[in-house]
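Colleague: Could you show me how to read a protein model, one feature at a time?
Modeller: Gladly; let us look at it together.

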Amino acid sequence: DFFDFPPGLLKRMGANAARNAEIVKRLQHEAKSGSSILFFACSLEHSKFVCSTLNFLGIPAAHVDGATPRERRSHL
């Protein structure tokens, strides 16, 4: 009705290791070329995973969600 994904699809997509590797590879490439990136993940867990992976690889990244204080969001 509202073009929603079938139940569980986003969770399965966020848990797909090959897909995540490609996402991180692409984000890494874009970051190294100097691009600023806004990445929308499948879930909060997925966002935190991708963010921590990028940080581990030396690419500064920050997870932001609705619970992130406004002051912190304004500095990112």
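Predicted model: local features only at pLDDT ≥ 70, side-chain atom pairs only at ≥ 80, totals over all residues.

Colleague: Where does threonine 68 sit?
Modeller: Helices (H or I, at least four residues) and strands (E, at least two) are DSSP runs, numbered from the N terminus. Threonine 68 lies in the loop between H3 and helix H4 (70-74).

Colleague: Which residues is threonine 68 in contact with, leaving aside its neighbours within four places in sequence?
Modeller: Contact means heavy atoms within 4.5 Å. On that reading, threonine 68 is in contact with His63 and Arg73. Its side chain also reaches the backbone nitrogen of aspartate 65, at 2.9 Å. Serine 36 is 32 residues away along the chain, and its C-alpha atom is 20 Å from that of threonine 68.

Colleague: How many helices and strands does the protein have?
Modeller: There are four helices and zero strands, so the pattern along the sequence reads α-α-α-α. The C-alpha atoms fill a box of roughly 40 × 30 × 20 Å, taken along the principal axes.

Colleague: What share of the residues is buried?
Modeller: Of the 76 residues in the protein, 21% are buried.

Colleague: Which residues form the largest nonpolar core?
Modeller: In soluble globular proteins, nonpolar side chains tend to be buried together. A nonpolar core is a set of buried Ala, Val, Leu, Ile, Met, Phe, Trp, Tyr and Cys residues joined through side-chain atoms within 4.5 Å. Here the largest one has six residues: Ile23, Val24, Leu27, Val50, Leu54 and Ile59. Helix H2 (17-32) and helix H3 (44-56) each supply at least two residues of this core, and the largest share, three residues, comes from H2.

Colleague: What does isoleucine 23 touch, not counting residues up to four places away in sequence?
Modeller: Isoleucine 23, one of the core residues, touches Phe39 and His46.

Terms used: Residues numbered from 1 in each chain as written. Heavy atoms only, no water. Buried < 20%, exposed > 50% of the residue type's maximum accessible area, 1.4 Å probe, protein only. Polar contact = N/O pair within 3.5 Å; in protein donor to acceptor, adjacent residues only side chain to side chain.
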